[in-house]
Amino acid sequence: MTQQQWDLIGYGVWALIIWMTLKQFRQTRRPVQGKGLNLLLGDWLLFAPLPWIVYRMIERGTWEQLAWTLGLGILLSLPYILTTKFQAAADGTIKFKPNAAFYIFLFGFPYLRYTIRDRIFHSHPILSAQHRPDIELMLAEYIAVLVLLTFLWRLFMFISYRRTLRAAAAQGDTRTDQSVITASL
């Protein structure tokens, strides 16, 4: 493949990252309803590349590359996990608790990734006559990091939402019990 073809693939991945970021931003702006399964499975399209990623990692990857991929996915999910909280509103709905640090990470990571990629690949082109890296494996690892951090963050969101839902239900039961006691007096 030529450098231009790889650039087109990179732009496609970049468009996917922008789309996911905007989708995640919109999700934090509206109340969550039901059991929260939309939080867990909201980015269901990320299941699509999993067979290809697994195949590439088995076929061409090393254990060290797998460890780095898993480690980076977990590390990059931590800022999202640590800044994601839910709160029960007075009207009984559960909403994402606004957090400026979360939005800095949400919009800053894609920008930082693009800036680093642009600087590295323009100062050190990866395709030359002397060096032909396995770009397909690199792309699989990169997408695996994105998929892992998104799934970990969504799993934490689901757990956090369910915990908030249970706490709100328990608090609602307590309020009901207090109003019954007050009415009987």
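Q: By about how many helical turns are Phe-105 and Phe-109 separated in helix H5?
A: This is a predicted model. Phe-105 and Phe-109 lie four residues apart in helix H5, so about one helical turn separates them.

Q: What kind of aromatic pair do Phe-105 and Phe-109 form?
A: Planes under 30 degrees apart count as stacked, those over 60 as edge-to-face, and the rest as tilted. The planes of Phe-105 and Phe-109 stand at 40°, with 5.7 Å from centre to centre, and the pair is tilted.

Q: Are these two residues buried, partly exposed or exposed?
A: Buried means under 20% relative accessible area and exposed means over 50%, with partly exposed in between. Phe-105 has a relative accessible area of 27% and is therefore partly exposed. Phe-109, at 24%, also counts as partly exposed.

Q: How many aromatic pairs does the whole structure hold?
A: A search of the whole structure finds 11 aromatic pairs. One of them joins Tyr-80 and Phe-109: the ring centres are 5.7 Å apart and the planes meet at 75°, so this pair is edge-to-face. It links distant parts of the chain, since Tyr-80 belongs to helix H4 and Phe-109 to helix H5 (residues 100-123), 29 residues apart.

Q: Is Tyr-80 buried or exposed?
A: Tyr-80 is buried, because its relative accessible area is 6%.

Q: Which residues make up the aromatic cluster?
A: One aromatic cluster is formed by Tyr-80, Phe-86, Phe-96, Phe-102, Tyr-103, Phe-105, Phe-109, Trp-153 and Tyr-161.

Q: Which residues form the nonpolar patch on the surface?
A: A residue needs over 30% relative accessible area to belong to a patch. Here Trp-68, Leu-70, Leu-72, Ile-74, Leu-75, Leu-78 and Leu-82 form a nonpolar surface patch, and together they have about 710 Å² of accessible area. Leu-78, one of these residues, is placed in helix H4 (residues 63-82). With a relative accessible area of 38%, Leu-78 is partly exposed.

Q: How many helices and strands does the protein chain contain?
A: The chain has six helices and two strands. Along the sequence they follow the pattern α-α-α-α-β-β-α-α.

Q: What share of the residues counts as buried, and what supplies the exposed area?
A: Of the chain's 185 residues, 31% count as buried. The chain exposes about 12,000 Å², and carbon and sulfur atoms supply 67% of that area.

Q: What share of the contacts joins residues at least 24 apart?
A: Among contacts between residues at least 6 apart in sequence, 77% join residues at least 24 apart.

Notes. Residues are numbered from 1 along each chain as its sequence is written. This is a predicted model: local features need pLDDT of at least 70, side-chain atom pairs count only at pLDDT 80 or more; totals for chains, interfaces and linings use all residues. Side-chain values use heavy atoms; hydrogens and water are left out. Patches are made of residues with over 30% relative accessible area and no salt bridge: like charges are joined within 9 Å, nonpolar side chains (Val, Leu, Ile, Met, Phe, Trp, Tyr) within 5 Å. Accessible areas come from the Shrake-Rupley method with a 1.4 Å probe; for residues, only the protein chains shown count as cover. A salt bridge is a side-chain nitrogen of Lys or Arg within 4 Å of a carboxyl oxygen of Asp or Glu. Buried means under 20% relative accessible area, exposed over 50%, partly exposed in between (1.4 Å probe, protein chains only). Contact means heavy atoms within 4.5 Å. Rings of Phe, Tyr and Trp (its six-membered ring) pair if their centres lie within 6.5 Å; planes under 30 degrees apart count as stacked, over 60 as edge-to-face and the rest as tilted.
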